[in-house]
Number of protein chains: 2
Amino acid sequence: MATGHSATQRSLTMDAVWDIYHEDLEDIESHIHRHLNAGTPLINEVAAHILNGGGKRIRPLLLTLCARLTGYVPKDDLVLGSLIEFIHTATLLHDDVLDEAALRRGQLTAQRIWGNRASILVGDYLYSRAMQEFSSFENHDMNETMAVACRKMAEGEILQLAANRQPLIPESEYLRIVEYKTGALVAAACKVGAIRGGASPAQQDALHQFGMALGIAFQLADDRLDYMAGNTHLGKTPGQDLLQGMVTLPLIHLLQQLPVEDRQRLVTTIETGALDAHHLARLTALMHRHGSLQYAGNRSRDYIHAALVNLDAFEDSTAKRALTVVAEYMINRDR
Amino acid sequence: MATGHSATQRSLTMDAVWDIYHEDLEDIESHIHRHLNAGTPLINEVAAHILNGGGKRIRPLLLTLCARLTGYVPKDDLVLGSLIEFIHTATLLHDDVLDEAALRRGQLTAQRIWGNRASILVGDYLYSRAMQEFSSFENHDMNETMAVACRKMAEGEILQLAANRQPLIPESEYLRIVEYKTGALVAAACKVGAIRGGASPAQQDALHQFGMALGIAFQLADDRLDYMAGNTHLGKTPGQDLLQGMVTLPLIHLLQQLPVEDRQRLVTTIETGALDAHHLARLTALMHRHGSLQYAGNRSRDYIHAALVNLDAFEDSTAKRALTVVAEYMINRDR
């Protein structure tokens, strides 16, 4: 058990974190599968497909670590971790319908196998099922935290939709979208962990801020990765986001660097949906030349630093060092 | 105000109910529009389109009446009514994506105007926004009631999807789908009203049962109406549900009446998706001949009677008589 583990090591690797918390993670898995047992075969099939699709359970792990950090010993947090994963999975199911994506983590998406209807509905089911289980804890702060996070996630996706093919959105608007669509749930996972750990309001806030900055850093890294060459093992081709009209930080940076005429031409190409693979290759080369990918990487790293500052007030512990390791891992992983 | 209204009249009409409670209903409207003010134009546009699409606000009205019935005076229930309508609207937005319907209440659907993405996401938004507002009341029973209802609605839709083009599903399975997809939210509206009214657990249960039976009766009437000729002013052509593979009570009844060979032929036509307008006309004629529409109408009425039994324990009041009128209205309306 994590709580019994010696805290004498000064630094950890991600492998060590997986190792130390493997019992917790296995418990989260078994909670996920126990909760899945819905009596309706279609729900189980669709949900199991995506839940077994190789997700790293980062959000449940963060929830557990924040609970341990703030003093929690028993295992209710692991149930909560499985609920966070349900909500995350619900958003993935809806995302795959929205994006009409064929693959997720190298596998066919549920949307391709079962269609839009099943994906939308099983998403709705997992979401409302999780909210029902959360409410059974009869903890107002927890309900409020989850409800706000879910509202923000939906709002973030809508803001992103409204910004589709609008390459001139300011960086601040992009960051707001990222905060809502990705930061909110990571922040909620950390705060719910803190609530279960019996943390003070100040500690809850600190861990909420930690999760928020971490989630933003993660999304920035993910958006940047989309432009990196040679990542076809992710089941993606570079620039896929922009082909779908999604404007992210490397492009926003690049547009600021380009001469007016080049910028205007590129903006028009994107706005009219005329972008093709040829444009994209040129665009990626420009991003390398103008340091746009470097810039996005730096911003991601800035958010990790901002996240970690929130851990300063906590005493050293295995959980605290594990959180630091997970933070680094989230922006360095190749998925 | 409704609460100050004399209860001397012995019977009411639906027009009288609209009239007596018009201030409450106007308050519900203003709460709906105040809550809609989301700061994100796309949310407001999509949600306003469907919220202003001519819905009767039956669920908010039921919530208010159940609150009044059980002793509530101030106006918080009207906020709650607007939240129930948000959740109902969220399900309509998702339904229109699922059904790929062009029209709802004679208007173009949001799906046709703004596309799948906006409809799915604004549905997600309205749902999570409503759950956030519900949680702000810090009332566990209310959160639990709403969360269970939402989970059941999603499950009901999935059960229905799993039963698509399966004309041999038993009546009991059909009724379970109806209970989940439609009964659950009407039941929740009534129970939340009772909770706000300070009702005893027994009263809460009675009004939950009342709403459940009412919701089932309503859906049975709606499913039957889909087969009735000459209802083109609804923006629908008869038999539309079955063309989409939805098996409802008139068909289930008819199949039980047909000789084996006729039944098998019809089952195969439906299962293979070969059903066309010609089959449908013949099918509808058979339903009239075999009393299937009569049967479905009787079953709907049975549920209304079962619903009203739950009001017996309450003393006579304007709210009680209004509930009886609304119950009748729900199965007799032409939408």
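Two residues are taken to be in contact if their C-beta atoms, placed from the backbone, lie within 7 Å. By this criterion, in what is a predicted model, 34 residues of chain B are in contact with 34 residues of chain A. On the side of chain B that touches chain A, two or more residues are given by each of α3 (41-51), α5 (76-99), α6 (110-135) and α7 (140-162) of chain B, and α7(B) gives the most, with 14 residues. Classified by residue type, this side of chain B has 18 nonpolar, 8 polar and 8 charged residues.

The largest nonpolar core has 207 residues, of which Val122(A), Cys190(A), Ala217(A), Val122(B), Cys190(B) and Ala217(B) touch the most other members. When neighbours within four places in sequence are left aside, Val122(A) is in contact with Ile43(A), Val46(A), Ala47(A) and Leu93(A), and also with Ile158(B).

Within chain A, the axes of α8(A) and α9(A) come within 6 Å and cross at roughly 140°. Because angles over 145 degrees would be needed for a roughly antiparallel arrangement, α8(A) counts as oblique to α9(A). The crossing in which α8(A) passes α9(A) is right-handed, and the contact of α8(A) with α9(A) has 16 nonpolar, 9 polar and 2 charged residues.

Both of these helices also take part in covering helix α11 of chain A (residues 249-257), in which Leu249(A), Pro250(A), Leu251(A), Ile252(A), Leu254(A) and Leu255(A) are buried. What covers these buried residues includes α8 (171-196), α9 (201-225), α10 (240-243), α12 (260-271), α13 (277-289) and α14 (292-309) of chain A.

Definitions and conventions. Residues numbered from 1 in each chain as written. Chains lettered and ligands numbered in written order. Predicted model: local features only at pLDDT ≥ 70, side-chain atom pairs only at ≥ 80, totals over all residues. Core = buried A, V, L, I, M, F, W, Y, C linked by C-beta atoms within 7 Å. Buried ≥ 20, exposed ≤ 12 C-beta atoms within 10 Å, placed from the backbone. Helix = DSSP H or I, 4+ residues; strand = E, 2+ residues; numbered from the N terminus. Axes fitted to C-alpha atoms, helices over the stretch in contact; angles between N-to-C directions. Parallel < 35°, antiparallel > 145°, perpendicular 65-115°, else oblique. Left-handed = near helix turned anticlockwise from the far one by under 90°. Nonpolar A, V, L, I, M, F, W, Y, C, P; charged D, E, K, R; others polar.
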